[in-house]
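Please look through the structure shown below, and then follow the explanation that leads from its aromatic residues to the chain as a whole.

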Amino acid sequence: MVDKKLVVQLIEDLLSSKNEDEQLIIYNKISDIVLDPEWSDYIFHSYEYYDENDNLNVELVADKIISYKPIIL
């Protein structure tokens, strides 16, 4: 089970970092610990988790990311 607090912290770190190398390291950390291959789309390519003031609800995004269940064939 992925720690939601860790995912929230990493997303916040990713969004607050101004350094591209640091962003890449954080991005890769998130990718390594979550199963959802689309996790970054929820942040960067969707408005579903943003409010009317364009503030990301990081808690909701983390919930969505950690709730991902792969389809086993």
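**Aromatic pairs and the overall fold**

In this predicted model, tyrosine 50 has a relative accessible area of 24% and is therefore partly exposed. Tyrosine 47, by contrast, counts as exposed, with a relative accessibility of 70%. These two residues, tyrosine 47 and tyrosine 50, form an aromatic pair of the edge-to-face kind, with 6.5 Å from centre to centre and 65° between the planes.

The structure holds three aromatic pairs. One of them joins tyrosine 27 and tryptophan 39, whose rings are tilted, with 45° between the planes and 4.8 Å from centre to centre. Because tyrosine 27 belongs to helix H2 (residues 20-33) and tryptophan 39 to helix H3 (residues 39-44), this pair ties together parts that are twelve residues apart in sequence. Tryptophan 39 is buried, its relative accessible area being 2%, whereas tyrosine 27 is partly exposed at 30% relative accessibility.

Turning to the whole chain, the secondary structure consists of four helices and zero strands, which gives the pattern α-α-α-α when read along the sequence. For 73 residues, a compact globule would have a radius of gyration near 11 Å, and the 12 Å of this chain agrees with that. The C-alpha atoms fill a box of roughly 40 × 30 × 20 Å along the principal axes, and 29% of the 73 residues count as buried. Among contacts between residues at least 6 apart in sequence, 52% join residues at least 24 apart.

As for the surface, the chain exposes about 5,400 Å², of which carbon and sulfur atoms supply 52%. The chain has 6 positive and 16 negative charges, and their mean positions are 7 Å apart.

Methods:
Residues numbered from 1 in each chain as written. Predicted model: local features only at pLDDT ≥ 70, side-chain atom pairs only at ≥ 80, totals over all residues. Heavy atoms only, no water. Phe/Tyr/Trp six-rings, centres within 6.5 Å; stacked < 30°, edge-to-face > 60°. Helix = DSSP H or I, 4+ residues; strand = E, 2+ residues; numbered from the N terminus. Buried < 20%, exposed > 50% of the residue type's maximum accessible area, 1.4 Å probe, protein only. Rg over C-alpha atoms; globule rule 2.2 N^0.38 Å. Contact = heavy atoms within 4.5 Å. Areas by Shrake-Rupley, 256 points an atom, 1.4 Å probe, with all protein chains shown as cover. Lys, Arg positive; Asp, Glu negative; His and termini not counted. Charge placed at Lys NZ, Arg CZ, Asp CG, Glu CD.
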